[in-house]
Amino acid sequence: SMLGRAMELSRSEGERSLVQYALGETLVKAGRGVEAAEAFARQRVAPFEEVVLELWRGRGGSTEAACAYASAKLSRLGEEEKTQRTMLCAWLMDLYLQRREVPSAVETARRHGAHAATACELIASHGDEEAALEALADVSPVFEDELFSARMFAGRYEEALAGSARSERYEA
């Protein structure tokens, strides 16, 4: 293909980035949003917001393509880019939750070290807070503490203590 040849002839990172952006645009126009998302994640020409809008507006634009882009972009961010990682992680979790994909949201929190309180509030805002806490309890000890507190507050003492005993965090 012409874009493949352009990639071969690219000499600099900037040129390769332009080719990746052009590939993304071509794939969006062809209705192949998820593949376009991967190409867009490899480029550094267009800002994040522009790419997201391109994916939403494109033929067959969907949250699936936006999830693919956010996930690919998140996996390419360095550990030192904490603010960007936190924001992108929260946005990706929210996209999954809008699609009713709680396990994917939880896996995103786990894999990318989401801020515990933010992840919990985000998942809880889409449904049952206790289910969110249970799903996230193995991600961080903070969630175990939150789940314990929620059960105690609800007057479900035996359940709270049983959960604590299972996690071996509290001794009777």
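**Exercise 1.** How are helix 5 and helix 6 oriented to each other, roughly parallel or roughly antiparallel?

*Solution.* The model is a predicted one. Start with the axes: those of helix 5 and helix 6 come within 10 Å and cross at roughly 155 degrees. Next, apply the cut-off, by which angles over 145 degrees count as roughly antiparallel. Helix 5 and helix 6 are therefore roughly antiparallel to each other. The crossing in which helix 5 passes helix 6 is left-handed. On the helix 5 side, the residues that make the contact are Thr-63, Ala-66, Cys-67, Ala-70, Ser-71, Lys-73 and Leu-74. On the helix 6 side they are Arg-85, Leu-88, Cys-89, Trp-91, Leu-92, Leu-95 and Tyr-96.

**Exercise 2.** Find how helix 3 and helix 5 are oriented to each other, and list the residues that meet.

*Solution.* The axes of helix 3 and helix 5 come within 8 Å, and they cross at roughly 25 degrees. Angles under 35 degrees count as roughly parallel. Helix 3 and helix 5 are therefore roughly parallel to each other. Helix 3 passes helix 5 in a crossing that is right-handed. From helix 3, the residues involved are Gly-33, Val-34, Ala-37, Glu-38, Phe-40 and Ala-41. They meet Glu-64, Ala-65, Ala-68, Tyr-69, Ala-72, Lys-73 and Arg-76 of helix 5.

**Exercise 3.** Check the length of helix 5 (residues 63-76), then state which of its residues are buried and what they pack against.

*Solution.* Helix 5 has 14 residues, which at 1.5 Å a residue should span 20 Å. The C-alpha atoms at its ends are 20 Å apart, so the two values agree. The buried residues of helix 5 are Ala-65, Ala-66, Cys-67, Ala-68, Tyr-69, Ala-70, Ala-72, Lys-73 and Leu-74. Helix 3, helix 4, helix 6 and helix 7 (102-112) are what these buried residues pack against.

**Exercise 4.** How many aromatic pairs does a search of the whole structure find? Describe the pair of Tyr-21 and Phe-40.

*Solution.* The search finds three aromatic pairs. The rings of Tyr-21 and Phe-40 are 5.3 Å apart, centre to centre, with 50 degrees between the planes, and the pair is tilted. Tyr-21 is in helix 2 (residues 13-29) and Phe-40 is in helix 3 (residues 33-41). The two residues are 19 residues apart, and their pair links distant parts of the chain. To judge burial, use the cut-off of under 20% relative accessible area. Tyr-21 has 12% relative accessibility, so Tyr-21 counts as buried. Phe-40 has a relative accessible area of 0% and is also buried.

**Exercise 5.** Why is the pair of Phe-48 and Trp-91 edge-to-face?

*Solution.* The ring centres of Phe-48 and Trp-91 are 5.5 Å apart and the planes are at 80 degrees, so the pair is edge-to-face. Phe-48 belongs to helix 4 (residues 48-57) and Trp-91 to helix 6 (residues 82-98), 43 residues apart. Phe-48, at 25% relative accessibility, counts as partly exposed. Trp-91 has a relative accessible area of 24% and is partly exposed. Phe-48 and Trp-91 form one aromatic cluster with Tyr-69, which is among the buried residues of helix 5.

Terms used: Residues are numbered from 1 along each chain as its sequence is written. This is a predicted model: local features need pLDDT of at least 70, side-chain atom pairs count only at pLDDT 80 or more; totals for chains, interfaces and linings use all residues. Side-chain values use heavy atoms; hydrogens and water are left out. Rings of Phe, Tyr and Trp (its six-membered ring) pair if their centres lie within 6.5 Å; planes under 30 degrees apart count as stacked, over 60 as edge-to-face and the rest as tilted. Helices (H or I, at least four residues) and strands (E, at least two) are DSSP runs, numbered from the N terminus. Buried means under 20% relative accessible area, exposed over 50%, partly exposed in between (1.4 Å probe, protein chains only). The expected span of a helix is 1.5 Å times one less than its number of residues. Contact means heavy atoms within 4.5 Å. Axes are lines fitted to C-alpha atoms, for helices over the stretch in contact, and angles run from 0 to 180 degrees between N-to-C directions. Angles under 35 degrees count as roughly parallel, over 145 as roughly antiparallel, 65 to 115 as roughly perpendicular and the rest as oblique. A crossing is left-handed if the near helix is turned anticlockwise from the far one by less than a right angle, and right-handed if clockwise.
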